[in-house]
Amino acid sequence: MSRELSEAWDSIGREILGTARNELYLNMRFLDLALCSLQYRMYTEVRTAGTDGYAVYFEPYGLSELFERDRISLNRLYLHMVLHCLFRHLTRRGARREELWHLSCDIAAEAMIDGMGKRSVRRAVPPERALIYKRLSERLSVFTAEGIYHILHEWELTKEQAGQLSELFLVDDHTFWPGEEGEQPPEAVSELERRWQDIADKTETEAETFGRERDGEEGGLLEQVKLQNRRRQDYRAFLRKFSVWREEMHIDEDSFDQGFYSYGLRLYGNLPLIEPQEFKETKRIQEFVIAVDTSMSCSGELVRTFLSETCGILFQTESFFKKVRIHVIQCDEQVQADTVITSLSELSDFAGQFEVKGGGGTDFRPVFAYVEDLRERGELKRLKGLLYFTDGRGIFPAKRPDYDVAFLFMKEDYTDASVPAWAMRLILTETELAGEEKRLDADIRFI
(Lines give C-alpha, C1' and ligand atoms only; values in the text may rest on other atoms or scores of the structure.)
Protein backbone atom coordinates (compact mmCIF):
# COMPACT_ATOMS: atom_id res chain seq x y z
CA MET A 1 0.00 0.00 0.00
CA SER A 2 1.43 3.36 -1.03
CA ARG A 3 1.90 6.12 1.50
CA GLU A 4 -0.84 8.27 -0.09
CA LEU A 5 -3.32 5.38 -0.09
CA SER A 6 -2.43 4.50 3.49
CA GLU A 7 -3.02 8.07 4.62
CA ALA A 8 -6.33 8.13 2.77
CA TRP A 9 -7.55 4.95 4.48
CA ASP A 10 -6.31 6.23 7.83
CA SER A 11 -8.33 9.41 7.35
CA ILE A 12 -11.43 7.45 6.36
CA GLY A 13 -11.16 5.18 9.40
CA ARG A 14 -10.76 8.11 11.77
CA GLU A 15 -13.77 9.84 10.25
CA ILE A 16 -15.91 6.71 10.60
CA LEU A 17 -14.97 6.27 14.27
CA GLY A 18 -15.56 9.97 14.92
CA THR A 19 -19.04 9.65 13.43
CA ALA A 20 -19.86 6.71 15.70
CA ARG A 21 -18.56 8.59 18.73
CA ASN A 22 -20.70 11.64 17.92
CA GLU A 23 -23.86 9.59 17.47
CA LEU A 24 -23.30 7.91 20.84
CA TYR A 25 -22.66 11.28 22.48
CA LEU A 26 -26.02 12.62 21.30
CA ASN A 27 -27.78 9.78 23.13
CA MET A 28 -25.48 9.49 26.16
CA ARG A 29 -24.03 12.89 26.99
CA PHE A 30 -22.70 11.90 30.40
CA LEU A 31 -20.31 9.50 28.60
CA ASP A 32 -18.64 12.42 26.84
CA LEU A 33 -15.26 12.05 28.59
CA ALA A 34 -15.12 8.27 28.15
CA LEU A 35 -16.11 8.45 24.49
CA CYS A 36 -13.41 11.02 23.76
CA SER A 37 -10.61 9.32 25.72
CA LEU A 38 -9.46 6.95 22.97
CA GLN A 39 -7.20 7.93 20.09
CA TYR A 40 -7.48 6.29 16.64
CA ARG A 41 -4.71 4.28 15.01
CA MET A 42 -4.83 2.25 11.81
CA TYR A 43 -3.64 -1.34 12.19
CA THR A 44 -4.29 -3.68 9.28
CA GLU A 45 -3.86 -6.93 11.25
CA VAL A 46 -6.68 -6.31 13.72
CA ARG A 47 -10.16 -7.84 13.41
CA THR A 48 -12.19 -4.69 12.57
CA ALA A 49 -11.21 -2.86 15.79
CA GLY A 50 -9.82 -3.30 19.27
CA THR A 51 -8.46 -1.16 22.08
CA ASP A 52 -5.61 -1.17 24.59
CA GLY A 53 -7.25 1.46 26.80
CA TYR A 54 -5.41 4.31 25.12
CA ALA A 55 -6.36 4.01 21.46
CA VAL A 56 -8.74 2.24 19.09
CA TYR A 57 -6.80 0.15 16.58
CA PHE A 58 -8.86 -0.24 13.43
CA GLU A 59 -8.65 -2.18 10.18
CA PRO A 60 -9.88 0.36 7.57
CA TYR A 61 -11.42 -2.02 5.03
CA GLY A 62 -13.53 -3.94 7.55
CA LEU A 63 -14.50 -0.73 9.31
CA SER A 64 -15.66 0.83 6.03
CA GLU A 65 -17.73 -2.22 5.15
CA LEU A 66 -19.35 -2.15 8.57
CA PHE A 67 -20.11 1.55 8.20
CA GLU A 68 -21.82 1.02 4.85
CA ARG A 69 -23.65 -2.14 5.88
CA ASP A 70 -24.74 -1.55 9.49
CA ARG A 71 -24.31 1.75 11.30
CA ILE A 72 -25.93 0.36 14.45
CA SER A 73 -23.29 -2.38 14.71
CA LEU A 74 -20.59 0.24 14.26
CA ASN A 75 -21.98 2.30 17.13
CA ARG A 76 -22.28 -0.79 19.29
CA LEU A 77 -18.68 -1.74 18.51
CA TYR A 78 -17.42 1.67 19.66
CA LEU A 79 -19.54 1.64 22.83
CA HIS A 80 -18.53 -1.97 23.53
CA MET A 81 -14.85 -0.99 23.59
CA VAL A 82 -15.52 2.05 25.77
CA LEU A 83 -17.43 -0.09 28.28
CA HIS A 84 -14.51 -2.52 28.49
CA CYS A 85 -12.31 0.41 29.49
CA LEU A 86 -14.85 2.06 31.77
CA PHE A 87 -15.43 -1.18 33.69
CA ARG A 88 -11.65 -1.87 33.75
CA HIS A 89 -12.01 -5.24 32.05
CA LEU A 90 -8.51 -4.85 30.62
CA THR A 91 -6.77 -4.65 33.99
CA ARG A 92 -8.79 -6.81 36.41
CA ARG A 93 -8.36 -10.34 35.12
CA GLY A 94 -5.90 -11.36 37.85
CA ALA A 95 -5.39 -15.15 37.88
CA ARG A 96 -8.62 -15.91 36.05
CA ARG A 97 -8.56 -18.03 32.89
CA GLU A 98 -7.97 -15.69 29.99
CA GLU A 99 -10.49 -17.06 27.49
CA LEU A 100 -13.26 -17.31 30.10
CA TRP A 101 -12.51 -13.81 31.40
CA HIS A 102 -12.68 -12.32 27.90
CA LEU A 103 -16.01 -14.06 27.31
CA SER A 104 -17.36 -12.75 30.64
CA CYS A 105 -16.31 -9.21 29.73
CA ASP A 106 -18.00 -9.44 26.32
CA ILE A 107 -21.22 -10.71 27.90
CA ALA A 108 -21.17 -7.91 30.50
CA ALA A 109 -20.66 -5.22 27.84
CA GLU A 110 -23.23 -6.64 25.41
CA ALA A 111 -25.82 -7.17 28.15
CA MET A 112 -25.51 -3.51 29.06
CA ILE A 113 -25.89 -2.39 25.42
CA ASP A 114 -28.73 -4.85 24.73
CA GLY A 115 -30.59 -3.39 27.71
CA MET A 116 -30.42 0.13 26.29
CA GLY A 117 -33.31 1.53 24.34
CA LYS A 118 -31.10 4.20 22.79
CA ARG A 119 -31.71 4.82 19.13
CA SER A 120 -28.02 4.74 18.24
CA VAL A 121 -27.50 1.18 19.56
CA ARG A 122 -31.00 -0.32 19.72
CA ARG A 123 -31.39 -3.80 18.24
CA ALA A 124 -33.56 -6.83 18.88
CA VAL A 125 -31.89 -9.28 21.27
CA PRO A 126 -31.26 -12.67 19.62
CA PRO A 127 -33.07 -15.57 21.37
CA GLU A 128 -29.75 -17.29 22.16
CA ARG A 129 -28.51 -14.21 24.01
CA ALA A 130 -31.83 -13.73 25.76
CA LEU A 131 -31.59 -17.28 27.12
CA ILE A 132 -28.10 -16.64 28.52
CA TYR A 133 -29.26 -13.37 30.10
CA LYS A 134 -32.21 -15.17 31.69
CA ARG A 135 -29.99 -17.83 33.23
CA LEU A 136 -27.53 -15.26 34.53
CA SER A 137 -30.29 -13.03 35.93
CA GLU A 138 -31.34 -15.88 38.22
CA ARG A 139 -28.09 -15.33 40.09
CA LEU A 140 -27.09 -11.75 39.30
CA SER A 141 -28.99 -8.50 39.60
CA VAL A 142 -26.15 -6.56 37.99
CA PHE A 143 -24.13 -8.18 35.20
CA THR A 144 -20.51 -7.59 36.21
CA ALA A 145 -17.69 -9.45 34.48
CA GLU A 146 -16.58 -10.85 37.84
CA GLY A 147 -20.02 -12.23 38.63
CA ILE A 148 -20.49 -13.66 35.14
CA TYR A 149 -17.05 -15.30 35.28
CA HIS A 150 -17.91 -16.98 38.58
CA ILE A 151 -21.11 -18.45 37.11
CA LEU A 152 -19.48 -19.54 33.85
CA HIS A 153 -16.76 -21.22 35.88
CA GLU A 154 -19.46 -23.15 37.77
CA TRP A 155 -21.10 -24.21 34.50
CA GLU A 156 -17.90 -26.07 33.53
CA LEU A 157 -18.35 -25.34 29.84
CA THR A 158 -16.73 -27.63 27.31
CA LYS A 159 -14.32 -26.10 24.82
CA GLU A 160 -17.01 -26.30 22.14
CA GLN A 161 -19.65 -24.63 24.33
CA ALA A 162 -17.26 -21.86 25.34
CA GLY A 163 -16.42 -21.31 21.66
CA GLN A 164 -20.10 -21.04 20.70
CA LEU A 165 -20.72 -18.51 23.47
CA SER A 166 -17.67 -16.52 22.40
CA GLU A 167 -18.97 -16.31 18.84
CA LEU A 168 -22.39 -15.24 20.11
CA PHE A 169 -20.95 -12.27 22.02
CA LEU A 170 -17.81 -11.51 20.02
CA VAL A 171 -17.63 -7.85 18.94
CA ASP A 172 -14.12 -6.41 19.22
CA ASP A 173 -10.56 -7.73 19.13
CA HIS A 174 -8.92 -8.30 22.54
CA THR A 175 -5.41 -8.70 21.10
CA PHE A 176 -4.24 -5.46 22.72
CA TRP A 177 -5.35 -6.32 26.25
CA PRO A 178 -2.66 -6.97 28.88
CA GLY A 179 -1.74 -10.67 28.85
CA GLU A 180 -0.37 -13.00 31.49
CA GLU A 181 1.43 -11.57 34.52
CA GLY A 182 4.97 -10.63 33.55
CA GLU A 183 4.18 -9.95 29.91
CA GLN A 184 3.67 -6.28 30.71
CA PRO A 185 5.32 -4.21 33.45
CA PRO A 186 3.02 -3.99 36.52
CA GLU A 187 3.40 -0.20 36.51
CA ALA A 188 1.96 -0.06 32.97
CA VAL A 189 -1.13 -1.99 34.03
CA SER A 190 -1.47 0.16 37.16
CA GLU A 191 -1.23 3.33 35.08
CA LEU A 192 -4.00 2.08 32.77
CA GLU A 193 -6.16 1.21 35.79
CA ARG A 194 -5.61 4.67 37.30
CA ARG A 195 -6.38 6.36 33.98
CA TRP A 196 -9.78 4.72 33.63
CA GLN A 197 -10.50 4.91 37.35
CA ASP A 198 -10.23 8.67 37.03
CA ILE A 199 -12.43 8.72 33.91
CA ALA A 200 -14.99 6.46 35.62
CA ASP A 201 -15.06 8.70 38.71
CA LYS A 202 -15.75 11.75 36.55
CA THR A 203 -18.35 9.84 34.54
CA GLU A 204 -20.14 8.88 37.73
CA THR A 205 -20.13 12.51 38.84
CA GLU A 206 -21.52 13.61 35.46
CA ALA A 207 -24.26 11.01 35.63
CA GLU A 208 -25.16 12.04 39.18
CA THR A 209 -25.27 15.69 38.12
CA PHE A 210 -27.81 14.94 35.42
CA GLY A 211 -29.66 12.43 37.61
CA ARG A 212 -33.08 13.94 37.07
CA GLU A 213 -32.79 13.48 33.34
CA ARG A 214 -31.43 9.94 33.59
CA ASP A 215 -33.72 7.17 32.38
CA GLY A 216 -33.73 3.49 33.32
CA GLU A 217 -31.07 2.42 30.86
CA GLU A 218 -28.60 5.09 31.95
CA GLY A 219 -29.37 4.24 35.55
CA GLY A 220 -28.23 0.68 34.89
CA LEU A 221 -24.99 1.89 33.37
CA LEU A 222 -24.41 4.22 36.30
CA GLU A 223 -24.95 1.32 38.71
CA GLN A 224 -22.28 -0.65 36.87
CA VAL A 225 -19.85 2.26 37.07
CA LYS A 226 -20.54 2.60 40.80
CA LEU A 227 -19.85 -1.08 41.31
CA GLN A 228 -16.49 -0.79 39.56
CA ASN A 229 -15.59 2.42 41.41
CA ARG A 230 -15.91 0.96 44.87
CA ARG A 231 -12.87 1.56 46.99
CA ARG A 232 -11.04 -1.70 47.62
CA GLN A 233 -9.31 -2.40 50.89
CA ASP A 234 -7.45 -5.39 52.28
CA TYR A 235 -9.82 -7.46 54.41
CA ARG A 236 -7.06 -8.17 56.93
CA ALA A 237 -6.46 -4.44 57.40
CA PHE A 238 -10.17 -3.90 57.95
CA LEU A 239 -10.31 -6.51 60.70
CA ARG A 240 -7.72 -4.54 62.65
CA LYS A 241 -10.41 -1.94 63.27
CA PHE A 242 -11.83 -4.37 65.84
CA SER A 243 -8.61 -4.71 67.86
CA VAL A 244 -7.94 -3.24 71.32
CA TRP A 245 -4.82 -2.15 73.22
CA ARG A 246 -3.57 -4.46 75.99
CA GLU A 247 -0.27 -5.36 77.62
CA GLU A 248 1.12 -8.83 77.00
CA MET A 249 4.31 -10.71 77.88
CA HIS A 250 6.68 -9.53 75.20
CA ILE A 251 9.99 -7.64 75.21
CA ASP A 252 9.32 -4.03 74.27
CA GLU A 253 12.28 -3.17 72.08
CA ASP A 254 10.85 0.27 71.26
CA SER A 255 11.28 1.49 74.84
CA PHE A 256 14.63 -0.25 75.37
CA ASP A 257 17.77 1.91 75.27
CA GLN A 258 20.65 -0.15 73.88
CA GLY A 259 23.16 2.53 74.93
CA PHE A 260 22.53 2.28 78.69
CA TYR A 261 22.39 -1.52 78.45
CA SER A 262 25.78 -1.76 76.71
CA TYR A 263 27.34 0.89 78.98
CA GLY A 264 26.36 -1.06 82.08
CA LEU A 265 27.89 -4.25 80.72
CA ARG A 266 31.15 -2.43 79.95
CA LEU A 267 31.30 -0.59 83.28
CA TYR A 268 30.23 -3.34 85.69
CA GLY A 269 30.99 -6.45 83.67
CA ASN A 270 27.87 -8.56 83.89
CA LEU A 271 25.45 -5.96 85.27
CA PRO A 272 23.37 -3.87 82.81
CA LEU A 273 22.07 -0.51 84.03
CA ILE A 274 18.68 -1.08 82.48
CA GLU A 275 16.75 -4.19 81.48
CA PRO A 276 14.25 -4.34 78.60
CA GLN A 277 10.61 -4.18 79.65
CA GLU A 278 8.98 -7.60 79.73
CA PHE A 279 5.54 -6.25 78.88
CA LYS A 280 4.60 -4.49 75.68
CA GLU A 281 1.36 -2.73 74.84
CA THR A 282 -0.01 -4.20 71.61
CA LYS A 283 -3.21 -3.79 69.66
CA ARG A 284 -4.91 -7.04 68.75
CA ILE A 285 -8.29 -8.70 68.71
CA GLN A 286 -9.42 -10.10 72.08
CA GLU A 287 -13.22 -10.36 71.97
CA PHE A 288 -15.15 -10.66 68.75
CA VAL A 289 -18.58 -11.66 67.47
CA ILE A 290 -19.22 -13.20 64.06
CA ALA A 291 -22.93 -13.42 63.27
CA VAL A 292 -24.04 -15.58 60.36
CA ASP A 293 -27.38 -15.23 58.59
CA THR A 294 -28.70 -18.79 58.16
CA SER A 295 -32.00 -17.87 56.54
CA MET A 296 -33.29 -19.58 53.40
CA SER A 297 -31.74 -16.89 51.17
CA CYS A 298 -28.17 -17.67 52.34
CA SER A 299 -26.87 -20.99 51.05
CA GLY A 300 -24.80 -23.22 53.30
CA GLU A 301 -21.97 -23.30 50.78
CA LEU A 302 -21.83 -19.50 50.71
CA VAL A 303 -21.70 -19.36 54.51
CA ARG A 304 -18.96 -21.99 54.65
CA THR A 305 -16.95 -20.09 52.05
CA PHE A 306 -17.22 -16.91 54.10
CA LEU A 307 -16.18 -18.62 57.33
CA SER A 308 -13.32 -20.42 55.63
CA GLU A 309 -11.96 -17.21 54.12
CA THR A 310 -12.45 -15.19 57.30
CA CYS A 311 -10.82 -17.84 59.49
CA GLY A 312 -7.92 -18.03 57.06
CA ILE A 313 -7.28 -14.34 57.62
CA LEU A 314 -7.92 -14.41 61.36
CA PHE A 315 -5.60 -17.39 61.71
CA GLN A 316 -2.66 -15.01 61.43
CA THR A 317 -1.23 -15.10 64.96
CA GLU A 318 -0.41 -11.40 64.97
CA SER A 319 -4.12 -10.58 64.75
CA PHE A 320 -5.11 -12.04 68.15
CA PHE A 321 -3.99 -12.13 71.75
CA LYS A 322 -3.15 -15.62 73.05
CA LYS A 323 -6.36 -15.61 75.06
CA VAL A 324 -9.35 -14.78 72.90
CA ARG A 325 -13.10 -15.17 73.05
CA ILE A 326 -14.96 -15.33 69.75
CA HIS A 327 -18.69 -15.95 69.54
CA VAL A 328 -19.94 -17.39 66.23
CA ILE A 329 -23.69 -16.87 66.31
CA GLN A 330 -26.07 -18.45 63.80
CA CYS A 331 -29.37 -16.65 63.38
CA ASP A 332 -32.30 -16.53 60.95
CA GLU A 333 -35.31 -14.94 62.64
CA GLN A 334 -34.01 -16.11 66.01
CA VAL A 335 -30.66 -17.16 67.47
CA GLN A 336 -30.09 -20.79 66.50
CA ALA A 337 -26.63 -21.47 67.90
CA ASP A 338 -23.72 -19.78 69.67
CA THR A 339 -20.31 -21.41 69.44
CA VAL A 340 -17.60 -19.93 71.68
CA ILE A 341 -14.05 -20.09 70.30
CA THR A 342 -11.16 -19.57 72.72
CA SER A 343 -8.19 -20.44 70.50
CA LEU A 344 -7.19 -20.14 66.88
CA SER A 345 -7.06 -23.93 66.48
CA GLU A 346 -10.68 -24.17 67.63
CA LEU A 347 -11.60 -21.49 65.10
CA SER A 348 -10.00 -23.44 62.26
CA ASP A 349 -11.65 -26.73 63.30
CA PHE A 350 -15.04 -25.06 63.60
CA ALA A 351 -14.84 -23.57 60.10
CA GLY A 352 -14.02 -26.95 58.62
CA GLN A 353 -16.90 -28.75 60.37
CA PHE A 354 -19.50 -25.97 60.23
CA GLU A 355 -23.13 -26.99 59.73
CA VAL A 356 -25.86 -24.46 59.00
CA LYS A 357 -28.66 -24.27 61.57
CA GLY A 358 -31.79 -22.37 60.65
CA GLY A 359 -33.57 -21.74 57.38
CA GLY A 360 -36.35 -19.37 58.36
CA GLY A 361 -36.76 -15.66 57.68
CA THR A 362 -34.20 -12.93 58.38
CA ASP A 363 -34.23 -10.66 61.41
CA PHE A 364 -30.99 -9.06 62.60
CA ARG A 365 -32.36 -7.75 65.90
CA PRO A 366 -32.17 -11.02 67.92
CA VAL A 367 -28.37 -11.16 67.52
CA PHE A 368 -27.91 -7.66 68.94
CA ALA A 369 -30.28 -8.43 71.82
CA TYR A 370 -28.40 -11.67 72.52
CA VAL A 371 -25.02 -9.90 72.47
CA GLU A 372 -26.31 -7.26 74.86
CA ASP A 373 -27.45 -10.03 77.22
CA LEU A 374 -23.95 -11.58 77.07
CA ARG A 375 -22.43 -8.25 77.99
CA GLU A 376 -24.79 -7.77 80.92
CA ARG A 377 -23.87 -11.23 82.21
CA GLY A 378 -20.17 -10.35 81.94
CA GLU A 379 -19.33 -12.90 79.25
CA LEU A 380 -18.25 -10.13 76.87
CA LYS A 381 -16.31 -7.41 78.69
CA ARG A 382 -14.14 -5.84 75.99
CA LEU A 383 -16.19 -6.32 72.83
CA LYS A 384 -14.87 -4.08 70.09
CA GLY A 385 -16.93 -5.15 67.12
CA LEU A 386 -19.38 -7.45 65.37
CA LEU A 387 -19.30 -8.82 61.82
CA TYR A 388 -22.66 -9.86 60.37
CA PHE A 389 -22.56 -11.98 57.21
CA THR A 390 -25.87 -11.74 55.36
CA ASP A 391 -27.62 -11.11 52.06
CA GLY A 392 -28.91 -7.81 53.45
CA ARG A 393 -32.60 -8.64 53.22
CA GLY A 394 -33.95 -8.45 56.75
CA ILE A 395 -35.00 -6.25 59.64
CA PHE A 396 -32.20 -4.05 60.96
CA PRO A 397 -32.07 -2.68 64.54
CA ALA A 398 -32.99 0.98 64.76
CA LYS A 399 -30.56 1.89 67.55
CA ARG A 400 -26.79 1.99 67.21
CA PRO A 401 -24.88 -0.19 69.72
CA ASP A 402 -21.79 1.16 71.47
CA TYR A 403 -19.44 -1.08 69.48
CA ASP A 404 -18.54 -1.18 65.79
CA VAL A 405 -20.77 -3.17 63.45
CA ALA A 406 -20.09 -4.24 59.87
CA PHE A 407 -22.54 -6.05 57.60
CA LEU A 408 -20.71 -8.26 55.12
CA PHE A 409 -21.99 -9.47 51.77
CA MET A 410 -20.30 -11.91 49.40
CA LYS A 411 -21.97 -11.10 46.10
CA GLU A 412 -20.32 -9.94 42.90
CA ASP A 413 -23.43 -8.03 41.88
CA TYR A 414 -24.38 -6.56 45.25
CA THR A 415 -26.21 -3.25 45.01
CA ASP A 416 -27.35 -0.79 47.66
CA ALA A 417 -29.40 -2.15 50.52
CA SER A 418 -31.11 -0.45 53.45
CA VAL A 419 -28.16 -0.83 55.81
CA PRO A 420 -28.46 1.55 58.79
CA ALA A 421 -26.49 4.77 58.63
CA TRP A 422 -24.46 3.83 61.70
CA ALA A 423 -23.14 0.56 60.26
CA MET A 424 -20.28 -0.24 57.93
CA ARG A 425 -21.02 -2.18 54.78
CA LEU A 426 -18.56 -4.49 53.01
CA ILE A 427 -19.03 -6.33 49.76
CA LEU A 428 -16.68 -9.31 49.63
CA THR A 429 -15.75 -10.64 46.20
CA GLU A 430 -13.80 -13.70 45.12
CA THR A 431 -11.09 -12.08 43.04
CA GLU A 432 -8.65 -14.92 42.65
CA LEU A 433 -9.06 -18.68 42.21
CA ALA A 434 -5.69 -20.42 42.15
CA GLY A 435 -6.00 -24.12 42.83
CA GLU A 436 -7.63 -24.52 46.21
CA GLU A 437 -6.62 -21.04 47.40
CA LYS A 438 -9.04 -18.15 47.37
CA ARG A 439 -8.18 -14.55 48.14
CA LEU A 440 -10.78 -12.07 49.25
CA ASP A 441 -10.74 -8.36 48.64
CA ALA A 442 -13.27 -6.18 50.34
CA ASP A 443 -15.08 -3.29 48.78
CA ILE A 444 -15.43 -1.08 51.84
CA ARG A 445 -18.25 1.43 51.78
CA PHE A 446 -19.25 3.70 54.65
CA ILE A 447 -22.75 5.06 54.54
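Two rings of Phe, Tyr or Trp count as a pair if their centres lie within 6.5 Å. Keep that cut-off at hand for the first stop. The model is predicted.

**Stop 1: the ring cluster**

Select Phe-364, Phe-368, Tyr-388, Phe-396, Phe-407 and Trp-422. Ring pairs link these residues into a cluster. Now zoom in on Tyr-388 and Phe-407. Their rings are stacked, with 5.7 Å between centres and 20 degrees between planes, and the chain as a whole has 16 aromatic pairs. Tyr-388 comes from strand β9 (residues 385-389) and Phe-407 from strand β10 (residues 404-409), 19 residues apart. Both Tyr-388 and Phe-407 are buried.

**Stop 2: another ring pair**

Move to Tyr-133 and Phe-143. This pair is tilted, at 6.1 Å centre to centre and 50 degrees between the planes. Tyr-133 sits in helix α6 (residues 127-137), while Phe-143 is in the loop between α6 and α7, 10 residues away. Are Tyr-133 and Phe-143 buried or exposed? Both are buried.

**Stop 3: charges over rings**

Show Arg-135 and Trp-155. Arg-135 lies over the face of Trp-155, 4.0 Å from the ring centre. Next, show Arg-96 with Tyr-149. The charged end of Arg-96 sits over the Tyr-149 ring, at 5.7 Å from its centre.

**Stop 4: two loop residues with positive phi**

Select Glu-156, in the loop between α7 (145-155) and α8 (159-169). Its phi is near 50 degrees, a positive value in a residue other than glycine. Glu-156 has a relative accessible area of 67%, so it counts as exposed. Then jump to Arg-88. The residue is in the loop between α4 (71-86) and α5 (98-114). Phi is positive at Arg-88 too, near 60 degrees. Is Arg-88 buried or exposed? It counts as buried because its relative accessibility is 2%, against a cut-off of under 20%.

**Stop 5: helix α1**

Select residues 3-27, which form helix α1. Now colour the buried residues of α1: Trp-9, Asp-10, Gly-13, Ile-16, Leu-17, Gly-18, Ala-20 and Leu-24. Residues three or four places apart on an α-helix point the same way, because a turn takes 3.6 residues. What covers the buried residues of α1? The cover includes α2 (32-35), β1 (39-42), β3 (55-58), α3 (60-69) and α4.

**Stop 6: the nonpolar cores**

Select Leu-31, Leu-79 and Leu-86. These have the most contacts inside the largest nonpolar core, which has 60 residues. Helix α5 gives the most to this core, with 10 residues. Centre on Leu-79. Leaving out residues up to four places away in sequence, Leu-79 touches Leu-24, Met-28, Leu-31, Ile-113, Met-116 and Val-121. Another core lies apart, with 22 residues, among them Val-367, Leu-380, Leu-383 and Tyr-403.

**Last stop: the whole chain**

Zoom out. The protein chain has 15 helices and 12 strands. Of its 447 residues, 48% are buried. Among contacts between residues at least 6 apart in sequence, 68% join residues at least 24 apart. Finish with the surface on. The chain exposes about 22,500 Å², and carbon and sulfur atoms supply 48% of that area.

Definitions and conventions. Residues are numbered from 1 along each chain as its sequence is written. This is a predicted model: local features need pLDDT of at least 70, side-chain atom pairs count only at pLDDT 80 or more; totals for chains, interfaces and linings use all residues. Side-chain values use heavy atoms; hydrogens and water are left out. Helices (H or I, at least four residues) and strands (E, at least two) are DSSP runs, numbered from the N terminus. Buried means under 20% relative accessible area, exposed over 50%, partly exposed in between (1.4 Å probe, protein chains only). Rings of Phe, Tyr and Trp (its six-membered ring) pair if their centres lie within 6.5 Å; planes under 30 degrees apart count as stacked, over 60 as edge-to-face and the rest as tilted. A charge sits over a ring if NZ of Lys or CZ of Arg is within 6 Å of the ring centre and within 35 degrees of the ring normal. Contact means heavy atoms within 4.5 Å. Accessible areas come from the Shrake-Rupley method with a 1.4 Å probe; for residues, only the protein chains shown count as cover. The expected span of a helix is 1.5 Å times one less than its number of residues. A nonpolar core is a set of buried Ala, Val, Leu, Ile, Met, Phe, Trp, Tyr and Cys residues joined through side-chain atoms within 4.5 Å.
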